[in-house]
Amino acid sequence: MNERKQTKINLYTNVIALLANILVGIYYTPYLVNSLGLAAYGVLPLALIINQYIGVATQTLTHAYTRFYSVALQKGNYVEASKDISTSLVVVLLISLLLVPVGIGIVCNVDSLFQIPSDLLDSSRLLFGYTLFSFVVSLMSSLLNVTLYATNRLDLMNILKISRAIFKLLFVVIAFEVFAKDVSFVGLANLLTEGLILLASAFLFLRFKPSAVRISLRMFDRAVLFSILGMSIWVLIQLCGDTLLYRTDNLIVNHYWGTVASGALGAISEIGSYVSVIVSVIGSLFGPLILAAFAKCDHNKVKSLFLEQSTIVGCLSAILAGTISGCSSSILDTWLGHGMEQYNWWLVMKMVVLPYYAAGGILAFVYRSWNKVRFPAIATIGLGVLDIIILIGICEFFKPTSAMLILIINAIFSVLQCFALNVIVICKIYKKCGLRFIPIAFKITLTFWMCYFCSIMITSILQANNMIMLVLMLMICVVIMSLLVYCLIFNKEERVKILELVK
């Protein structure tokens, strides 16, 4: 009962965090586009790739630390838990030392790596520099937040997420209105925000950690170091590969089609980020539960969780992604301005990946609990490299006039990596589960395209001429599609699991 109660609290705070991110996002992206112009905004997605890696690193370290820390905590071994978190501090310092020189190289050679107008070079260097320091600060926050994740206090972590979204927007608006509309201030706002999050994380760590758990360099353990560092590196490689696959098209488009095209694709990709945030409202609830069940060797519960929740989370994501794809022209025209509707199929290609990414995320919780991360990491990098070779080859030898083919190929590789690869890894751990994933993939695919075509029909009847009408139209589409999927796609057990979350 305590676990179910905390899960409901986590769900409610997830919803609040979602609403905060949506409200901020609705204002933030158009504000940046209108304030900076599409050409200057085109530089921002390049630096925001580093922001994406900040989230990747935070997620990586959370998974790696928590895997060892939670197992020790569940067994009541506080000495081992102290060794885990103390040694994790050394991991943070090592990763920072390894990555900072790479980041400095990027900052110093930004004009060689990216196609950036000469009048934006100085601002771009500052933008990348501030983002680099934000990365380092976020690593420390991740270390301190491991206790919250291990004890299933996602509600407190949601407070930090809400604060991060609000302060980033607040600092950017103040800088733009008081000083100048300079793209570098976006990076500075990120750095200041991460500093505040670090202070809040330190307070929550001291307030909620078990009294017997402490951080001390004298608790450093070499064996723990190799275990945590090994898992951190492999998970980091895999998640960087995830980000590379999802953002590779932006780099290619920037190089071959310029900053205006990459700016448009960057804004469209941000919509995908918002959908991921929405899906995480439910998906993120089950990471701590899967890890706790694994620590207690309750593998029947682990299998039940990943089979049921990958279906539910994947289909719920497909409802949102399919609806947004069907309404893509209205969304781009109303939200980002006239002329952007020409990129509607770009938005569809970014959306079609997300349901499989969401379902695959549930599976990733499982094999990371087992610390089976080497194979998926290597395979992810392999797919990413092959993707880049194919995309560059197409651009160099066939010279397409449109970037659409690039987006299609990148979407195919992304689905292979985020879903098919994860299924293969899970089947290596839990035998005889392979056939169970066929109906899961079918349900996700059917849900996406059903919502896509139904949304097209609805938008042919309802016209959105402003943001209020657009939001109302999307809400109507999502409600209708959710009811159809609940009645036609989900089976009885899946309906029960959904009702248990909200009752």
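Student: What share of the contacts in the protein chain with a separation of 6 or more comes from residues 24 or more positions apart?

Tutor: In this predicted model, residues 24 or more positions apart account for 83% of the contacts with a separation of 6 or more in the protein chain.

Student: How many helices and how many strands does the protein chain have?

Tutor: The chain has 21 helices and 0 strands.

Student: How do you know what the radius of gyration of the protein chain agrees with?

Tutor: A compact globule of 503 residues would have a radius of gyration near 23 Å, and the protein chain has 22 Å, so the value agrees with that of a compact globule. Along its principal axes, the C-alpha trace spans about 60 × 55 × 45 Å.

Student: What percentage of the residues count as buried, and what is the accessible surface of the protein chain?

Tutor: Of the 503 residues, 57% count as buried. The accessible surface of the protein chain comes to about 21,400 Å², and 70% of that surface belongs to carbon and sulfur atoms.

Student: Why is helix 15 described as largely enclosed by the rest of the structure?

Tutor: Helix 15, which covers residues 344-351, has 8 residues, and 7 of them are buried, so the helix is largely enclosed by the rest of the structure. The buried residues of helix 15 are N344, W346, L347, V348, M349, K350 and M351.

Student: Why is F437 called buried, and which residues does F437 touch beyond four places in sequence?

Tutor: The relative accessible area of F437 is 4%, and buried means under 20%, so F437 is buried. This residue lies in helix 19, residues 437-461, and, not counting residues up to four places away in sequence, F437 touches F306, L307, L363, V423, I426 and C427. The C-alpha atoms of F437 and T311 are separated by 8.9 Å, although the two residues are 126 residues apart along the chain.

Student: What makes V423 a buried residue, and which residues is V423 in contact with?

Tutor: V423, in helix 18, has a relative accessibility of 13%, which falls under the 20% limit, and therefore V423 counts as buried. Leaving aside neighbours within four places in sequence, V423 is in contact with L363 and F437. V423 and A359 are 64 residues apart in sequence, with 9.9 Å between their C-alpha atoms.

Student: How do you know that S414 is buried, and where is S414 found?

Tutor: S414 is found in helix 18, residues 404-429. Its relative accessible area of 6% is set against a limit of under 20%, so S414 is buried. The contacts of S414, leaving aside its neighbours within four places in sequence, are L245, Y246 and V353.

Student: Why is V277 called partly exposed?

Tutor: Partly exposed covers values between the buried range, under 20%, and the exposed range, over 50%, and V277 has 28% relative accessibility, so V277 counts as partly exposed. V277 lies in helix 11, residues 259-283, where this residue touches L18 and N21, not counting residues up to four places away in sequence. V277 and N14 are 9.3 Å apart, C-alpha to C-alpha, and 263 residues apart in sequence.

Student: What is noted about phi of N371 and phi of K399?

Tutor: Phi of N371 is near 60°, a positive value in a residue other than glycine, and phi of K399 is near 45°, also a positive value in a residue other than glycine. Most residues other than glycine have a negative phi. N371 is in the loop between helix 16 (354-369) and helix 17 (374-397), while K399 is in the loop between helix 17 and helix 18.

Student: Why is K399 called exposed, and why is N371 called partly exposed?

Tutor: Exposed means over 50%, and K399 has 58% relative accessibility, so K399 counts as exposed. N371 has a relative accessible area of 30%, which is between the limits of 20% and 50%, and N371 is therefore partly exposed.

Technical notes: Residues numbered from 1 in each chain as written. Predicted model: local features only at pLDDT ≥ 70, side-chain atom pairs only at ≥ 80, totals over all residues. Heavy atoms only, no water. Helix = DSSP H or I, 4+ residues; strand = E, 2+ residues; numbered from the N terminus. Rg over C-alpha atoms; globule rule 2.2 N^0.38 Å. Buried < 20%, exposed > 50% of the residue type's maximum accessible area, 1.4 Å probe, protein only. Contact = heavy atoms within 4.5 Å. Areas by Shrake-Rupley, 256 points an atom, 1.4 Å probe, with all protein chains shown as cover.
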